[in-house]
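Visitor: I would like to go through a protein model one question at a time. Please show it to me before we start.

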Amino acid sequence: TAVGSLLILICFLSIGAYFFSVYEDITFFDAFYFCFITMTTIGFGDIVPSLDGDAGTYMMLSTIYILVGMTVFTTIIEIVRRQYEESLRKMQQMKIQIQAQIRLADSLGKLGAQGGLDEAGALELKNIQDNLAKNK
């Protein structure tokens, strides 16, 4: 979902950049830069909407685009943050499981070396060692 969210953000910025580039008569990349800087609330002020022509309608539409865009931007940042947090949690759980399997394999190996492991236990030890080899 993180990749999809970022694609939605890029599309949203691109749509705004297209309209700003047409109305402001600037390049698409300058308009994209303006949209990105505005949505992230950095706002350098090097590119600003002009007040030529029908300024009232244009400024109202620009303001609505910016407010909706800031909402979309912060929502997508939160979605990506949650996705990475979930991935990190899953990796930590896998690490704990692997460490537990390593300790179990060591214990069973020591028990097997002392001759206290039956055939089923030896088979289980072999399965654990194979799983550990896959996860390294």
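**Helices, contacts and cysteines**

Thr-38 is buried, at a relative accessible area of 17%. The model is a predicted one.

Visitor: Is Thr-38 buried or exposed, and what is its relative accessible area?
Guide: Thr-38 has its place in helix α2. The cut-off for buried is under 20% relative accessible area. Thr-38 falls under that cut-off, so the residue is buried, with a value of 17%.

Visitor: Which residues is Thr-38 in contact with, leaving aside its neighbours within four places in sequence?
Guide: Contact here requires heavy atoms within 4.5 Å. With the neighbours within four places in sequence left aside, the contacts of Thr-38 are Ile-66 and Met-70.

Visitor: Which residues make the contact of α2 with α3, and how many of them are charged?
Guide: From α2 come Cys-35, Phe-36, Thr-38 and Met-39, and from α3 come Tyr-65, Ile-66, Gly-69, Met-70 and Phe-73. By class, seven of the residues in this contact are nonpolar and two are polar.

Visitor: What term describes the placing of α1 against α2?
Guide: Helix α1 spans residues 2-24 and helix α2 spans residues 28-39. Their axes are 8 Å apart, and the packing angle is about 125°. This angle makes α1, relative to α2, oblique.

Visitor: Where do α1 and α2 meet, and how many nonpolar residues does their contact have?
Guide: On the α1 side the contact includes Ile-10, Phe-12, Leu-13 and Tyr-18. On the α2 side, Phe-28, Phe-32, Cys-35 and Met-39 are among the residues that take part. The contact has three polar and no charged residues, and its nonpolar residues number 13.

Visitor: What is the handedness of the crossing where α1 passes α2, and of the one where α2 passes α3?
Guide: Where α1 passes α2, the crossing is right-handed. Where α2 passes α3, the crossing is right-handed.

Visitor: Which is buried and which is partly exposed, Cys-11 or Cys-35?
Guide: Cys-11 has a relative accessible area of 45%, so this residue is partly exposed. Cys-35 is at 0% relative accessibility, so the buried one is Cys-35.

Visitor: How far apart in space are Asp-46 and Phe-34, C-alpha to C-alpha?
Guide: Asp-46 lies in the loop between α2 and α3, and is exposed at a relative accessible area of 52%. In sequence, Asp-46 and Phe-34 are 12 residues apart. In space, C-alpha to C-alpha, the separation of Asp-46 and Phe-34 is 8.5 Å.

Notes. Residues are numbered from 1 along each chain as its sequence is written. This is a predicted model: local features need pLDDT of at least 70, side-chain atom pairs count only at pLDDT 80 or more; totals for chains, interfaces and linings use all residues. Side-chain values use heavy atoms; hydrogens and water are left out. Axes are lines fitted to C-alpha atoms, for helices over the stretch in contact, and angles run from 0 to 180 degrees between N-to-C directions. Helices (H or I, at least four residues) and strands (E, at least two) are DSSP runs, numbered from the N terminus. Angles under 35 degrees count as roughly parallel, over 145 as roughly antiparallel, 65 to 115 as roughly perpendicular and the rest as oblique. A crossing is left-handed if the near helix is turned anticlockwise from the far one by less than a right angle, and right-handed if clockwise. Ala, Val, Leu, Ile, Met, Phe, Trp, Tyr, Cys and Pro count as nonpolar, Asp, Glu, Lys and Arg as charged, and the others, Gly among them, as polar. Buried means under 20% relative accessible area, exposed over 50%, partly exposed in between (1.4 Å probe, protein chains only).
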